[in-house]
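I set out to record, entry by entry, what I looked up in one protein structure. The structure is shown first, and my notes come after it.

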Amino acid sequence: VQLQASGGGLVQAGGSLRLSCAVSRLTTSDNYMNWFRLVPGKEREFVASIRWREGSKRYADSVKGRFTISRDSAKYTVYLQMNGLKPEDTAVYYCATSAGLIYTPEGAVSWGQGTLVTVSS
């Protein structure tokens, strides 16, 4: 399984970005798509997840009400719409598949290459 993340960039605080993650195929180990983010010096942090089948969603408390995860099953693509961005959202964002619901990166099966989001104050 290959994942291709895109959509990162530089944005001012309060602005918006939409990240995309295209998946080459899905297996029985890829029931969920997750977004994590990594800030230098910190551990990789869970951001959001969505279950491919029925679309149930989970969010980290830090992004609830600002970020929205969605999927286009026909295109094997997951999106992360990020609104109301804050400087503390600056990070490299990674998409990852998992078999079950996870909140830590250890449970991920396949990873995308990461896309950098920079939010200026």
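The entries below concern a hairpin, a nonpolar core and a group of aromatic rings.

Entry 1. I noted at the start that this model is predicted.

Entry 2. I looked up how strands S7 and S8 are arranged. S7 (residues 67-72) pairs with S8 (residues 77-82) in the antiparallel sense, over six bridges. The two strands form a hairpin with four residues between them, and Asp72 stands opposite Thr77. In the turn, I found that Tyr76 has a positive phi of about 50°.

Entry 3. I asked which residues touch the most other members of the largest nonpolar core. Among its 31 residues, these are Met33, Trp35, Val47, Phe67, Leu80, Met82 and Tyr93. Strands that give two or more residues to this core include S4, S5, S7, S8 and S9. I then followed Tyr93: beyond its neighbours within four places in sequence, its contacts include Trp35, Val47, Phe67, Leu80 and Met82.

Entry 4. I turned to the aromatic pairs, of which the structure holds four. Phe36 and Phe46 have ring centres 5.8 Å apart and planes at 75°, so I recorded the pair as edge-to-face. Phe36 lies in strand S4 and Phe46 in strand S5, 10 residues apart. Phe46 is also edge-to-face with Tyr103, at 4.9 Å centre to centre.

Entry 5. Arg44 lies over the face of Tyr94, 4.1 Å from the ring centre, and its charged end sits over the ring of Trp111, 4.5 Å from the centre.

Notes
Residues are numbered from 1 along each chain as its sequence is written. This is a predicted model: local features need pLDDT of at least 70, side-chain atom pairs count only at pLDDT 80 or more; totals for chains, interfaces and linings use all residues. Side-chain values use heavy atoms; hydrogens and water are left out. Two strands pair if DSSP finds at least two bridges between them. A nonpolar core is a set of buried Ala, Val, Leu, Ile, Met, Phe, Trp, Tyr and Cys residues joined through side-chain atoms within 4.5 Å. Buried means under 20% relative accessible area, exposed over 50%, partly exposed in between (1.4 Å probe, protein chains only). Contact means heavy atoms within 4.5 Å. Rings of Phe, Tyr and Trp (its six-membered ring) pair if their centres lie within 6.5 Å; planes under 30 degrees apart count as stacked, over 60 as edge-to-face and the rest as tilted. A charge sits over a ring if NZ of Lys or CZ of Arg is within 6 Å of the ring centre and within 35 degrees of the ring normal.
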